[in-house]
Amino acid sequence: MTPPPPPPAEKFPRAVSGEAAADRSSVTDDLADEYDVVVVGLGPGGEFTANKLALAGLEVLAIDKHLAGGECPFYGCVPSKMMIRAAEALAEARLVREVAGDSTVTPDFGPVAERIRTEATHDWDDTVVVDRLCENGATVVHAHARLAGEGVVDVGGHQVRARSGIVLATGTHPTAPPIDGLADTPYWTNREVVKVTEAPGSLAVIGSGAIGSELAQVFQRFGSQVTLLEVADRILVAEEPEVSTVMTEVLTREGMRVMPGVDIASVAYDDGRFALDLGEETIHVEKLLVAAGRRTNLPDLGLETVGLDGEVDALDTDDCLHVLRDGEPVPGLFAVGDIVGKGPFTHTAKYQAGIVIRQLRGKPGPPADYRAVPRVTFTQPEVGAVGLTEEQAREQGLDVKVGCVGLPESSRGHMHGPGNDGLIKLVVVDDKLVGATSVGPAGGEVLSMLTLAVHARVPIGDLESMIYAYPTWHGQVRVALARIE
């Protein structure tokens, strides 16, 4: 596509945009030698930082070697949730015959693919994101950037000095486990799967974390025969064991083959089909999705030029997001998002970005507090969780009490009928919530009150004395409180 015209002269210069930007030479000759702030990486945290600081009047250089906006709008949160919403509609339509009459459902992935292409990603072009940054006053360039000493960034061979600070927000990329033969096959990651235009006849998914479980359910509901493979002894292993039990039952009921505790000896591809050797059997599928991990984009970032280890998986930061070197802040260097290692979530990155923005503007505000970081897996039922799991709390040697209740036994669950799978689990220490899990038709929404309780250290007695609306899913929090050991 033809790039849009440059911004007016009073605006800072604009770089090329679009998915091919990484393969094109970005214009760096017109860059100034100094800016107030240089932001390296324009995922949710970096983009948010650059926009807000530019609006505040700072001279901001915003750099990304790929798509400005990052993984979330182009390959993650936004397109995947469009897929999930469509799959949920199919599932609800299939329930009509159980509760309200009869229905016929004919899945078609085409409308989903078109929505992702045109509404979510603009055909994987970041012009809208770049234009917004430029309109707010930032200079945007697509190029590879790396540190070149304290306060200095090398941008495609051009040395730029940051007067106030450098913000690293380079995010992560999908990785694959070292399975024999896998690298030689045309497997999908989240970056390829959001571009598919039709559901395959059969699909294997390696990895049952949030991405793997969500997309496995999507394609199962669109008619693919899905096999979900997990090396751990249960799926969604980062969550409570009760979550794994509920989700395994749901996915199996929907026709999926769920296989935890597997050892994949090798993967081969021939004549348009994958063969996965599991030892006792070999499964054959049309497509393979690998959702078994991500790696931070820290190598080749020039960390060694400021005395840091260039091979680390995450940067050590203080509670104001200063990058630490031997326990002391590197002058003017900040980090936000996945590379900080406090949760690979858009909301965490933006939370951290807010703290960095205050630091660079000299504004007061609270330091980072990660006790109540929420997370939601958008399967159906949704899996929401915040704070510590029971196992994590016990590993810390805490005196733990738990309360757990299933949603089907509630009045709302009885009224709701099919699709009432779920539970609420509370983890309590010293009569305060330190963790909670909410699984159900609105698990992520019910989680909001539990996140507040963990964050604000609300005493259990206060939660017990509340009035809960009836009949609601969140009303089961009261029942779970009554069951605390």
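This briefing describes the overall form of one protein chain and then several of its local features. The model is predicted. Its secondary structure comprises 14 helices and 22 strands. With a radius of gyration of 24 Å, close to the 23 Å that the globule rule gives for 485 residues, the chain is as compact as a globular protein of that length.

**Overall form**

- The C-alpha trace of the chain spans about 65 × 60 × 45 Å along its principal axes.
- Of the 485 residues in the chain, 52% are buried.
- When contacts between residues at least 6 apart in sequence are considered, 65% of them join residues at least 24 apart.

**Surface and charge**

- The chain exposes about 21,400 Å², and 51% of this area is supplied by carbon and sulfur atoms.
- There are 41 positive and 70 negative side chains in the chain.
- The centres of these two sets of charges lie 5 Å apart.

- Strand β20 (residues 400–406) runs antiparallel to β21, and 7 bridges join the two. Within this pairing, K401 stands opposite V428 in β21.
- Strand β22 (residues 432–440) is also antiparallel to β21 and is joined to it by 7 bridges. Here L423 has V439 of β22 as its bridge partner.
- β21 and β22 form a hairpin with 2 residues between them. In the turn, D430 has a positive phi of about 55°.

**Cis peptide bonds**

- The peptide bond from Q380 to P381 is cis, with omega near 10°. P381 belongs to the loop between β18 (374–377) and β19 (382–387).
- A cis peptide bond also joins Y470 and P471, where omega is about -10°. P471 is placed in the loop between α13 (460–464) and α14 (476–482).

- W124 is a residue other than glycine, yet its phi is positive, near 55°. It lies in the loop between α4 (110–120) and α5 (127–135). Because its relative accessibility is 6%, which is under the 20% cut-off, W124 counts as buried.
- L236 is not a glycine either, and it has a positive phi of about 45°. Its position is in the loop between β9 (225–230) and α8 (241–253). L236 has a relative accessibility of 3% and therefore counts as buried.

**Two further residues**

- S410 is found in the loop between β20 and α11 (411–416). Its relative accessibility is 5%, so S410 is classed as buried. Leaving aside residues up to four places away in sequence, S410 touches W473 and Q476.
- K52 is part of helix α1 (residues 44–55). At 40% relative accessibility, K52 counts as partly exposed, because this value falls between the cut-offs of 20% and 50%.
- K52 and N136 are 84 residues apart along the chain, while their C-alpha atoms are separated by 8.2 Å.

Definitions and conventions: Residues are numbered from 1 along each chain as its sequence is written. This is a predicted model: local features need pLDDT of at least 70, side-chain atom pairs count only at pLDDT 80 or more; totals for chains, interfaces and linings use all residues. Side-chain values use heavy atoms; hydrogens and water are left out. Helices (H or I, at least four residues) and strands (E, at least two) are DSSP runs, numbered from the N terminus. The radius of gyration is taken over C-alpha atoms; the globule rule is 2.2 Å times the number of residues to the power 0.38. Buried means under 20% relative accessible area, exposed over 50%, partly exposed in between (1.4 Å probe, protein chains only). Contact means heavy atoms within 4.5 Å. Accessible areas come from the Shrake-Rupley method with a 1.4 Å probe; for residues, only the protein chains shown count as cover. Lys and Arg count as positive and Asp and Glu as negative; His and the chain ends are not counted. The place of a charge is taken as NZ of Lys, CZ of Arg, CG of Asp or CD of Glu. Two strands pair if DSSP finds at least two bridges between them.
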